[in-house]
Amino acid sequence: MRERNDMENQFSRTELLIGPEKLKRLQQMRVAVFGVGGVGGYTVEALARSGVGTLDLIDNDKISLSNLNRQIYALHSTIGRYKVDVARERVLDINPKAQVNIYHTFYLPQTADQFDFTRYDYVVDAIDTVTGKLMLVQQAKEAGTPVISSMGAGNKMDPAAFMAADISETSVCPLAKVMRRELKKRGITSLKVVYSRETPLKPQIQEKNGDEQECGREPEGRRRQTPGSSAFVPAAAGLIVAGEVVCDLLKEK
């Protein structure tokens with residue numbers, strides 16, 4: 001029987017596209033993903049399968065029953081477990097040589113000082129509180145670290161409507177409009193985002209007892225309306241985010 005050599009060959013198809021030197025560069029990169037739910041989970045998956053060597057995963061949410069329709073880590077066998085714990089196991093099952101640092105915390109202005117953004121080669125914002133997103137972008141910009149921010153994926157049904165753009169070029173997306181306005185107040189006029197040009201749909205029913213945890217709350221504790229979501233829209237957004245990160249990391253500096 002021929003001896004298996006998985007670690008040598010598992011990225012061979014990627015290497016055919018980008019070459020050995022750029023593959024080595026990805027293996028030396030460190031990317032932080034804030035939020036590993038619907039969008040962030042698929043981003044982590046693609047980064048791991050692309051060969052990114054070190055991933056920092058930040059989220060304090062646990063997997064719930066309502067996550068099963070759209071989140072890659074959500075299975076009946078993982079309900080009740082921390083998302084970052086399940087994510088770490090999956091990444092290491094994909095690439096045992098990867099380094100995965102996990103943080104059981106929600107990124108908010110109150111917790112921002114726990115993170116040194118100068119350690120990262122790239123930052124992914126896949127959280128869903130506006131105050132957290134603004135602080136995260138500001139912190140990354142101050143550190144000189146590239147950052148990409150996911151805009152609203154809820155209440156959408158068209159995965160083909162997502163695209164990467166500078167926030168100054170966005171339209172339709174309500175979250176992008178708020179972020180654009182608030183970032184401008186902070187002196188930030190440029191930010192790479194992934195957003196949808198689809199007009200958000202109105203949920204057909206109102207959820208009475210949502211089980212989304214703190215990532216669905218603003219810091220002052222007001223619960224926003226739980227958005228509807230599909231199996232394919234968050235995945236599409238997350239994969240576009242990952243593609244932008246990988247392509248940017250491979251650019252000659």
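In the predicted model, a salt bridge joins the side chains of Asp248 and Lys251, with an N to O distance of 3.2 Å. Asp248 has a relative accessibility of 18%; because the cut-off for a buried residue is under 20%, Asp248 is classed as buried. Salt bridges with shared partners also connect Arg181, Glu182, Lys185 and Arg186 in one network.

A further salt bridge is formed by Lys192 and Glu244, whose closest N and O atoms lie 2.9 Å apart. This pair links distant parts of the chain, the two residues being 52 residues apart. Lys192 belongs to strand E7, which covers residues 192–196, while Glu244 is located in helix H8, which covers residues 233–249.

Glu89 and Arg81 provide another example, their side chains meeting in a salt bridge at 2.7 Å, N to O. Glu89 has a relative accessible area of 46% and is partly exposed. Arg81, at 30% relative accessibility, is also partly exposed. The class of exposed residues begins over 50%, so Glu89, at 46%, remains in the partly exposed class.

Across the whole structure, the search identifies 12 salt bridges. Among them are the pairs Asp248 and Lys251, Lys192 and Glu244, and Glu89 and Arg81.

Terms used:
Residues are numbered from 1 along each chain as its sequence is written. This is a predicted model: local features need pLDDT of at least 70, side-chain atom pairs count only at pLDDT 80 or more; totals for chains, interfaces and linings use all residues. Side-chain values use heavy atoms; hydrogens and water are left out. A salt bridge is a side-chain nitrogen of Lys or Arg within 4 Å of a carboxyl oxygen of Asp or Glu. Buried means under 20% relative accessible area, exposed over 50%, partly exposed in between (1.4 Å probe, protein chains only). Helices (H or I, at least four residues) and strands (E, at least two) are DSSP runs, numbered from the N terminus.
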